[in-house]
Amino acid sequence: MHRFTHWPKATLAGCAGALAALGVATGLTQAAAQTTTTPASTVTTTTTTPPTTTTKTTTTPKAAPKPKATTKQITCKASLVATKPPVDSAESFGSVSCGVPLGKGVHHDTSSIARTSASAGTFTGRLKLFFNTGTVRGTYKMGFTVANKAVTYDGTLKISSGTGEFSGVTGTGTITGTSADGVRSSLTDKMTLKFPPKKTA
């Protein structure tokens, strides 16, 4: 019989214990390896909300419309008296009544006379109309004809300026009229006048 056929009991027991201990250690190592897991990475997701943009709507007020010039058709009737005999020059004063916005006032004119015959000629001069709220002034040229002891007038006028409420007024017109004696005359002026816009404070 071989010499290693019979192991001493004490030796066998020691070996058995060592193997058992080795098996336990191996089992523990494998269990530890199996139960140990790599911790999952923790990812924090941050959701960024863009700031809300507040848009202010600014309403620009509309500019007030600029005042405009106005054009008016105005008729004036004048009753005049010659204060200077109409020989080479003439001068007249009298009352005048006009449509709005002029109203009632005083008419004054001066002129030079150019005769084309013994019974006809032309007055060329300046006129000024006085009213409660201002004046109107300009020039005129008016022909006259004497027939049957009566005088007939026919001409044109040009308004160039004014004062007060009628500052800046301009326009043109026609003149017609008659006189029974060459001293007292009745005239009618038909004018187209342009009034500038009124100034605002």
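**Stop 1: Ser179**

Select Ser179, which is buried, with a relative accessible area of 3% (buried means under 20% relative accessible area, exposed over 50%, partly exposed in between, using a 1.4 Å probe and protein chains only). You'll find Ser179 in strand E7, residues 170–179; helices (H or I, at least four residues) and strands (E, at least two) are DSSP runs, numbered from the N terminus. The side chain of Ser179 reaches the backbone nitrogen of Gly182 at 2.7 Å. Now show what surrounds Ser179: leaving aside neighbours within four places in sequence, it is in contact with Ala150, Val151, Tyr153, Arg184 and Ser185 (contact means heavy atoms within 4.5 Å).

Before moving on, two notes on what you're looking at. This is a predicted model, where local features need pLDDT of at least 70 and side-chain atom pairs count only at pLDDT 80 or more, while totals for chains, interfaces and linings use all residues. Residues are numbered from 1 along each chain as its sequence is written, and side-chain values use heavy atoms, with hydrogens and water left out.

**Stop 2: the whole chain**

Zoom out and color by secondary structure. The chain has one helix and eight strands, and along the sequence they run α-β-β-β-β-β-β-β-β. Of the 201 residues, 25% are buried.

**Stop 3: the core**

Next, select Leu102, Phe123, Phe131, Val136, Ile159 and Leu193: these have the most contacts inside the largest nonpolar core, which has 28 residues. Such a core is a set of buried Ala, Val, Leu, Ile, Met, Phe, Trp, Tyr and Cys residues joined through side-chain atoms within 4.5 Å. Strands that each supply at least two residues of this core include E1 (70–84), E2 (89–98) and E8 (184–195). Click on Phe131: not counting residues up to four places away in sequence, the residues it touches include Val96, Leu102, Val136 and Phe166.

**Stop 4**

Which of the two is buried? His107 counts as buried, at 3% relative accessibility, whereas Val106 is partly exposed at 38%. The side chains of His107 and Asp109 are joined by a polar contact of 2.8 Å (a pair of N or O atoms within 3.5 Å; within protein, one must be able to donate a hydrogen and the other to accept it, and residues adjacent in sequence count only if both atoms are side-chain atoms). Beyond its neighbours within four places in sequence, His107 is in contact with residues including Ala78, Ser92, Phe93 and Leu129.

**Stop 5**

Select Val100 and Pro101, which are joined by a cis peptide bond with omega at about 10 degrees. Pro101 lies in the loop between E2 and E3.

Now jump to the loop between E5 and E6, where you'll find Asn148 and Lys149. Phi of Asn148 is positive, near 55 degrees, in a residue other than glycine; Lys149, not a glycine either, has a positive phi of about 65 degrees. Asn148 is exposed at 79%, and Lys149 is exposed at 77%.

**Last stop: Lys66**

Finish at Lys66, in the loop between helix H1 (9–35) and E1. Lys66 counts as exposed, at 74% relative accessibility.
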